[in-house]
Amino acid sequence: METLPKSLLFPLQTISGVGSVAQLIPECLVFGRRGMLVHGRSLVRSGMLSKLLAAAPDDQSICAWRHPGGEPTLDQLEDLLSAARGHGAEWIAAVGGGSVLDIAKAAAGLLEAPLPVQVYHDGEPIEASTIPFVAAPTTAGTGSEATSVSVLTNSVACTKRSIRHPSLLPRCVILDSELLQSCPPSVIASAGMDALTQAIEAFTSRHATWLSDVVALKAVEMINMALPTVYENSSDPTAADALLEGSYLAGIALSNARLGVVHGLAHPLGVRYHQPHGVVCSVCLLPALNFNRAAMGEKYDALEAALHADPVTRVTELLATLKITSPFFGEAVVDREGIIRETLASGSTAANPRIVTEADVEALLLQIFG
Ligand SMILES: [Fe+2]
């Protein structure tokens, strides 16, 4: 008889459905009258930001903070924290892609923290935060809306690491697939492949449980089915719902089971080559599937059933359909030693189903760079 895994992490409340973003501000009101609304450029362009702010009652004070773009950095986090502290924020909400969600989540987690953000990025444990975080993703994606993790880059030290604490989990997640309509096809493609990679890695992780397996496999099915359709037409309502919900489930799976060597490689490669995280994951996924195949055992067959095709064949097909090409193939490996060292030190690599050695990372890099 299976028992419950020893620890489970889920967001407190999840609201889904077309139009559900209208509930964002009313949900935040429960936490206080003063709050931050963190967003990206697309929310301004689509007119959604004005709509959300206009829906706030007169006695509610919401300060909108726009993420400048790119991967979230410690400098940007300092700016957001000083704006949030200056405003006396009682809650922090984010409507945006993975970067927007991650920086807002870190701000909620560190708003009351006594030390500079870099200290926590360098490994100092975070104390429980009392500042509620509310997340509405506009990409499907990183699954950040379902996790207690925020991935941040120290652009001075050139390091990309995560900070984590259960109190960083959203108090409320809003999954409104209409928000995907502002997402360009290239972002649908790379974010969707990140979600698929996360679902596969969580499923095959050495920390996987029966519960995370159920969630991860459902995510694989939903993302695989919906991603090519949404890439062609992001306003297809059934496929957009499935992609957004599949991505959310992949986030829950990774939050409870961790990941694998693809994500172990993705951070050191991403920070050195400045490529979108989803593209990096996509091109590392094929060599990793081949590398892990024997160690996956029956799980490889289960993946084949969920994908309705051999996993390597299906991922190859998806990369072609989504027009994702490798930014690394034929390039020189910059700072090979650093990449290997960081890949081997990564918690994701430690969760990989097959033990990863220095020679294994060398061999994977050889395949990725050609
Ligand atoms: Fe990822």
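Is His263 buried or exposed? His263 is buried, with a relative accessible area of 3%; buried means under 20% relative accessible area, exposed over 50%, and partly exposed in between, with a 1.4 Å probe and protein chains only. The model is predicted, so local features need pLDDT of at least 70 and side-chain atom pairs count only at pLDDT 80 or more, while totals for chains, interfaces and linings use all residues. Residues are numbered from 1 along each chain as its sequence is written, and side-chain values use heavy atoms, with hydrogens and water left out.

**Iron site**

- The iron ion has the protein donors Asp194 (OD), Gln198 (OE1), His263 (NE2) and His277 (NE2), at 2.1 to 2.2 Å. Donors are N, O and S atoms within 2.8 Å of the metal (3.2 Å for Na, K and Ca); water is not among the atoms, so sites may look incomplete.
- Along the chain, these donors are spaced as D-x3-Q-x64-H-x13-H.
- Asp194 is in helix α7 (residues 185–204) and His263 is in helix α10 (residues 261–273), so the pair ties together parts that are 69 residues apart in sequence. Helices (H or I, at least four residues) and strands (E, at least two) are DSSP runs, numbered from the N terminus.
- Asp194 also counts as buried, at 2% relative accessibility.

**Nonpolar cores**

- The largest nonpolar core has 73 residues, and Met193, Leu265 and Leu269 have the most contacts inside it. Such a core is a set of buried Ala, Val, Leu, Ile, Met, Phe, Trp, Tyr and Cys residues joined through side-chain atoms within 4.5 Å.
- At least three residues of this core come from each of domain 1 (13–178) and domain 2 (193–369), with bounds from an automatic or database domain assignment.
- Apart from it lies another core, of 30 residues, including Ala89, Ile126, Ile131 and Phe133.
- Beyond its neighbours within four places in sequence, Met193 is in contact (heavy atoms within 4.5 Å) with residues including Leu227, Val315 and Ile324.

- In strand β5 (residues 133–137), 5 of 5 residues are buried.
- In a regular strand the side chains alternate between the two faces of the sheet. Phe133, Ala135 and Pro137 point one way from β5, and Val134 and Ala136 the other way.
- β5 pairs with strand β4 (residues 91–96) in the parallel sense over 5 bridges; two strands pair if DSSP finds at least two bridges between them. Phe133 in β5 stands opposite Ile92.
- β5 also runs parallel to strand β8 (residues 172–175), joined by 2 bridges. Val173 in β8 is the bridge partner of Ala135.
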